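Here are my notes on the structure you sent over. Have it open beside you as you read.

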Amino acid sequence: MASATMRIEVFTFSTGLQRVTDEVRRAAAGETRRLERLHHAWAGGTCIGECLHDFLRQFGDRMLGRDTVVMITSDGLDVGAPDMLRDSMRELHHRSAGVVWLNPLLETAGYEPTASGMRAARPYVTTFTSVNDASGLARLARTVRIRREC
């Protein structure tokens with residue numbers, strides 16, 4: 001996506017939020033190197049609600065609007081407070097055109113999104129799916145649902 005448009009911002013989250021847009025743009029342009037600043041993104045334990053709250057507080061005013069689609073990629077297994085996740089998702093939903101949640105577990109046989117994090121987030125997600133390859137990303141581009149009223 002970063003190679004197709006400059007109108008993209010990328011963040012990672014685990015136990016903290018980190019903006020990595022510049023690193024992703026460099027990678028999209030072909031630069032290959034280890035991204036030292038991303039080590040925390042796979043540090044174990046995910047505080048999704050707290051990270052989304054931080055995003056809204058730090059970046060929401062200038063990055064969210066009626067033409068913004070927010071894309072979250074997570075299994076939804078959150079160790080944080082479900083109320084904070086629900087409240088942050090409600091605000092993201094209200095302040096954007098749509099919230100896409102890519103859950104890599106959706107294609108796992110027998111998986112049901114019943115974890116407390118997924119239950120808190122789902123009512124505010126406009127597109128809930130999984131993408132595992134380039135063709136899945138192309139399908140996603142055709143199926144993203146956005147809210148018309150903002």
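Predicted model: local features only at pLDDT ≥ 70, side-chain atom pairs only at ≥ 80, totals over all residues.

The points below go from the overall layout to single residues.

1. The protein has five helices and five strands, and along the sequence they come in the pattern β-β-α-α-β-α-β-α-β-α. Of the 150 residues, 39% are buried. Take the contacts between residues at least 6 apart in sequence: 71% of them join residues at least 24 apart.

2. Now the sheet. Three strands form an open sheet in the order β3-β4-β5, with parallel pairing. β3 and β5 (127-129) are the edge strands, each with a single partner, so one side of each has no neighbour in the sheet. On average, neighbouring strands are turned by 15° against each other, direction ignored.

3. V70 and I72 make up its covered face, while V69, M71 and T73 are on the uncovered one. V70 is buried, with a relative accessible area of 11%. Leaving out neighbours within four places in sequence, V70 is in contact with L64, L92, S96, G98, V99 and V100. The C-alpha atoms of V70 and V99 are 4.8 Å apart, although 29 residues separate the two along the chain.

4. L56, in helix α2 (residues 48-63), is another buried residue, at 8% relative accessible area. Neighbours up to four places away aside, L56 touches D61, L64, S88, E91, L92 and R95. S88 is 32 residues away along the chain, yet its C-alpha atom is 7.7 Å from that of L56.

5. Which residue pairs up with D61 in a salt bridge? The partner is R95, with the closest N and O atoms 2.9 Å apart. D61 belongs to helix α2 and R95 to helix α3, so this pair ties together parts that are 34 residues apart in sequence. D61 itself counts as exposed, at 72% relative accessibility.

6. D87 and R90 meet at 3.2 Å, N to O; both lie in helix α3, three residues apart, about one turn of the helix. Residues three or four places apart in an α-helix point the same way, because the helix has 3.6 residues a turn. D87 is partly exposed at 36% relative accessible area, and R90 is partly exposed at 38%. The pair also belongs to a network of salt bridges linking D83, R86, D87 and R90.

7. Where does D78 sit? It lies in the loop between β3 (69-73) and α3 (82-95). D78 is buried and yet has no salt bridge: R119, the nearest side chain of opposite charge, is 11 Å away. What the D78 side chain does have is backbone nitrogens around a polar atom: that of I48 at 2.7 Å and that of G80 at 3.3 Å. Not counting residues up to four places away in sequence, D78 touches T46, C47, I48, G49, L85 and G117.

8. In helix α1 (residues 21-28), T21, E23 and R25 are the buried residues, and they pack against β2 (17-19). After α1 comes G30, with a positive phi near 105°. R26 and E31 form a salt bridge, with their closest N and O atoms 3.7 Å apart. R26 is partly exposed at 31% relative accessible area, and E31 is partly exposed at 35%.

Technical notes: Residues numbered from 1 in each chain as written. Heavy atoms only, no water. Helix = DSSP H or I, 4+ residues; strand = E, 2+ residues; numbered from the N terminus. Buried < 20%, exposed > 50% of the residue type's maximum accessible area, 1.4 Å probe, protein only. Lys, Arg positive; Asp, Glu negative; His and termini not counted. Salt bridge = Lys/Arg side-chain N within 4 Å of Asp/Glu carboxyl O. Polar contact = N/O pair within 3.5 Å; in protein donor to acceptor, adjacent residues only side chain to side chain. Contact = heavy atoms within 4.5 Å. Pairing = 2+ DSSP bridges. Axes fitted to C-alpha atoms, helices over the stretch in contact; angles between N-to-C directions.
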